[in-house]
Amino acid sequence: MRAAVHTSYGPPEVVRIAEVDKPTAKDNQVLVKVHATTVNRTDSGFRAGRPFVVRLFTGLIRPKVTVLGNEFAGAVEAVGGDVTSLAVGDRVFGYSGLQHGSRFGAHAEYLAMPEHGSLATIPANLSYEQAAPSTEGAHYALTMIRTAKIQRGQDVLVYAATGAIGLAAVQLLKSLGAEVTAVCGPEHVELVRGLGADRVIDYTAEDFTKDEQRYDVVLDAVGKSSFFRCRRLLKPGGIYLSSDGGPLNQNLVLVLITPLVGVVAGRRSCFVFRG
């Protein structure tokens, strides 16, 4: 089968189309013929080997995972002997990151996925092209929400509410019954409000870190803020989550020391990173 392959770290030019072995479905797997996939931030980072920490997962000198792609949509072509919930011909979409035995691989004509991995049937009203890009951001947003154990009635601020993670977070939080304040640019205010945000802050008109409201959770969905900038927004015992290391990667240090000191400036902090 054809696949987008990279055998060294670097810019997009290191990727080439090549013939590789077609996977087969093991007993607990399904073989998906890929109809649509994406090239997202995670793919780009692992392709470039940056930040360097990603190489701990894919190889220090050269990539062991040579076919990237973690978002996909397609049709089931074959099922393993133990598979019971899916059948040949089912339209499915999913997320093939470094979890549940998956190892990327969606930038190819075929992909083998665990039946009980991040895989589901596509709603009848969605195309392959619509379903494929809906998974990674939602995966990270749900992970952050579950890590913070956000509950109905809690006040949550979502910074960068129009990225893949932020858009998913706003919708998931509203489905849980949280009170959501979203931060975005002026061109997206009505979009975010339409997704359910109770309040929207235009970051070009005001500094959201000077907001007078206090929150149970501040969720930085782009990793461009920091705990130190946002801690005044937190209620006592409030939680700060970030999808990345933040400026100068200080969040990477805080996530290591917070379990040791327990409390930072009287408030609990929590960080979730891509991986």
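Modeller: We begin with the terms for the sheet. Two strands pair if DSSP finds at least two bridges between them. Helices (H or I, at least four residues) and strands (E, at least two) are DSSP runs, numbered from the N terminus. This is a predicted model, where local features need pLDDT of at least 70, side-chain atom pairs count only at pLDDT 80 or more, and totals for chains, interfaces and linings use all residues. Residues are numbered from 1 along each chain as its sequence is written, and side-chain values use heavy atoms, with hydrogens and water left out.

Now the sheet. Strand β5 covers residues 91-95 and runs antiparallel to β7, with three bridges between them. In this pairing, G94 stands opposite L119 of β7. Both strands belong to an open sheet of five strands, in the order β6-β3-β4-β5-β7, with antiparallel pairing. β6 (110-114) and β7 (119-121) stand at the edges with a single partner strand each, so one side of each has no neighbour in the sheet. From one strand to the next, the twist averages 40° (axes are lines fitted to C-alpha atoms, for helices over the stretch in contact, and angles run from 0 to 180 degrees between N-to-C directions).

Next, the salt bridges. Such a bridge is a side-chain nitrogen of Lys or Arg within 4 Å of a carboxyl oxygen of Asp or Glu. By this rule there are eight.

Take K174 and D198. Their closest N and O atoms are 2.8 Å apart. K174 sits in helix α5 (residues 164-176), and D198 in the loop between α6 (189-194) and β10 (199-202). The pair links distant parts of the chain, 24 residues apart. K174 is partly exposed at 25% relative accessibility, and D198 is partly exposed at 42%. Here buried means under 20% relative accessible area, exposed over 50%, and partly exposed in between (1.4 Å probe, protein chains only).

Another salt bridge joins D207 and R229, at 3.5 Å from N to O. D207 lies in the loop between β10 and β11 (215-220) and R229 in helix α7 (residues 227-230), so the pair ties together parts 22 residues apart in sequence. D207 is partly exposed at 32%, and so is R229 at 39%.

D216 and K235 also meet in a salt bridge, 3.3 Å from N to O. D216 is in strand β11 and K235 in strand β12 (residues 234-242), 19 residues apart. K235 is partly exposed, with a relative accessible area of 26%. Shared partners join D155, D216 and K235 into one network of salt bridges.
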